[in-house]
Each structure stands twice: as structure tokens, then as C-alpha cells.
Amino acid sequence: MFRKVISIASVIFVFSFWTSSIGVFIPNLSSECFNCLCYVSTKCDTSHQCTGGYCGPFNISRVYWVDAGRVTLPEDDAERNHAWEDCAREFSCAKRIIGGYLSKFGQDCNGDGVTNCYDYMMINGNGGYNCRPPLNRSANGRRWLKRFDECRRSIPSLE
């Protein structure tokens with residue numbers, strides 16, 4: 001009985017850790033996966049401002065931010081005109097945007113029966129409403145696939 005209580009407490013602790021870092025628990029969305037998603041987007045350029053309506057190290061658009069739940073920096077107001085840009089440019093806030101989006105749209109995009117970092121990369125590349133098309137159809141998609149492969153090779157736990 002004591003062992004069962006410790007196991008349940010461990011699960012609650014892990015779940016609490018996940019929920020406090022991004023707001024919800026999302027299977028297989030590890031810190032390594034976040035790093036790869038960031039690398040795929042901008043090579044994780046934390047100085048990246050906004051270009052063509054995409055902001056921050058994850059290259060987040062306003063539409064993505066809205067779909068993610070309009071996450072803001074602490075003490076900010078989602079109704080403020082540039083709240084989304086400020087959050088997208090700040091790494092930990094941008095991670096919460098990504099977490100919100102993936103909690104809404106997370107699914108098995110490549111049909112292998114597992115929802116993992118590759119699927120999250122496909123969701124970010126294709127959008128949450130239609131993540132299944134192969135990314136190799138466009139130059140941008142091929143760049144994302146190349147960067148994801150580079151990142152995955154450097155992090156064995158993503159294999």
C-alpha cells in the first residue's frame with residue numbers, strides 16, 4: 001500500500017511539473033522536443049524579432065497565438081495590440097504558446113500510431129487543422145525536415 005501511495009505521488013509530481021511549465025500535459029513533448037521545434041523554426045534564434053508577421057524563436061504568427069489560447073506574459077493583457085508579439089519573442093512565453101497550440105491540435109500526423117515530436121513538427125509546419133500532408137512538398141517544408149533530422153540526430157531520446 002505504501003509503495004502504491006509513493007507511485008501515485010510521483011505521478012502527481014510529474015504531472016504538476018508538466019502543467020506548471022506549459023499549462024497542460026502533452027505526451028512526448030519533452031524539453032528536447034521543444035528545443036528541436038525551436039531549432040526547426042529559426043535555428044532557435046532567441047534574438048529573432050518579427051519578420052513578415054512571424055515572431056520570436058519559434059516563428060509564431062498572430063493566428064497561431066489565437067489558436068493557442070492567446071497566451072501572454074505575466075501581467076499583460078491579451079487585448080493589448082502587441083501582446084502576442086511580446087510573448088512570442090520571449091522564450092518561456094513562446095513555449096507556453098506552443099504548448100497551448102499542441103494541446104489543442106496534438107495528433108498522429110504521419111500515421112505511425114504514436115504522437116511524438118515529429119508529429120508536433122508537422123503540426124507546426126502544416127498547421128493544426130491539416131497536419132497530414134508531407135512536409136517535403138515545399139522548400140520551407142524540406143528545410144524544416146532537414147533541420148529536424150539534424151536536431152534528432154543530436155538528441156538520441158528523440159529517435
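This is a predicted model: local features need pLDDT of at least 70, side-chain atom pairs count only at pLDDT 80 or more; totals for chains, interfaces and linings use all residues.
Trainee: How many disulfides does a search of the whole structure find?

Mentor: The search finds 6 disulfides, where a disulfide is a pair of cysteine sulfur atoms within 2.5 Å. Counting the bonded cysteines along the chain, the pattern is 1-10, 2-12, 3-4, 5-6, 7-8, 9-11.

Trainee: And what kind of bond is a disulfide, in general?

Mentor: A disulfide is a covalent bond between the sulfur atoms of two cysteines.

Trainee: Which parts does the pair of cysteine 33 and cysteine 117 tie together?

Mentor: These two cysteines form a disulfide with their sulfur atoms 2.1 Å apart, and with 95 degrees about the S-S bond the link is right-handed. Cysteine 33 lies in helix 2 (residues 31-42) and cysteine 117 in helix 6 (residues 117-126), so the pair ties together parts that are 84 residues apart in sequence. Helices (H or I, at least four residues) and strands (E, at least two) are DSSP runs, numbered from the N terminus.

Trainee: Are cysteine 33 and cysteine 117 buried or exposed?

Mentor: Both cysteine 33 and cysteine 117 are buried, where buried means under 20% relative accessible area, exposed means over 50%, and partly exposed is in between (1.4 Å probe, protein chains only).

Trainee: What about cysteine 50 and cysteine 55, how far is it from S to S?

Mentor: The disulfide that joins cysteine 50 to cysteine 55 has an S to S distance of 1.9 Å, and its link is right-handed, with 115 degrees about the S-S bond. Cysteine 50 is partly exposed at a relative accessible area of 32%, whereas cysteine 55 is buried at 1% relative accessibility.

Trainee: Is the link of cysteine 87 and cysteine 93 right-handed or left-handed?

Mentor: That link is left-handed, with -95 degrees about the S-S bond, and the sulfur atoms of cysteine 87 and cysteine 93 are 1.8 Å apart.

Trainee: New topic: what does aspartate 119 touch?

Mentor: Aspartate 119, which is found in helix 6, touches residues including Gln107, Asp108 and Val114, not counting residues up to four places away in sequence; contact means heavy atoms within 4.5 Å. A polar atom of the aspartate 119 side chain lies 2.8 Å from the backbone nitrogen of cysteine 109, and one lies 3.2 Å from the backbone nitrogen of asparagine 110.

Trainee: Now the sheet: what is the order of its strands?

Mentor: The open sheet of 3 strands has the order 1-2-3, with antiparallel pairing, and two strands pair if DSSP finds at least two bridges between them. Strand 1 (50-51) and strand 3 (60-61) stand at the edges, each with a single partner strand, so one side of each is left without a neighbour in the sheet. Strand 1 pairs with strand 2 (residues 54-55) over 2 bridges, and the bridge partner of threonine 51 in strand 2 is tyrosine 54.

Trainee: Last one: where is lysine 43 found?

Mentor: Lysine 43 is in the loop between helix 2 and strand 1, and has a positive phi of about 60 degrees although it is not a glycine. Arginine 70, in the loop between helix 3 (62-67) and helix 4 (83-89), also has a positive phi, near 55 degrees.

Technical notes: Residues are numbered from 1 along each chain as its sequence is written. Side-chain values use heavy atoms; hydrogens and water are left out. A polar contact is a pair of N or O atoms within 3.5 Å; within protein, one must be able to donate a hydrogen and the other to accept it, and residues adjacent in sequence count only if both atoms are side-chain atoms.
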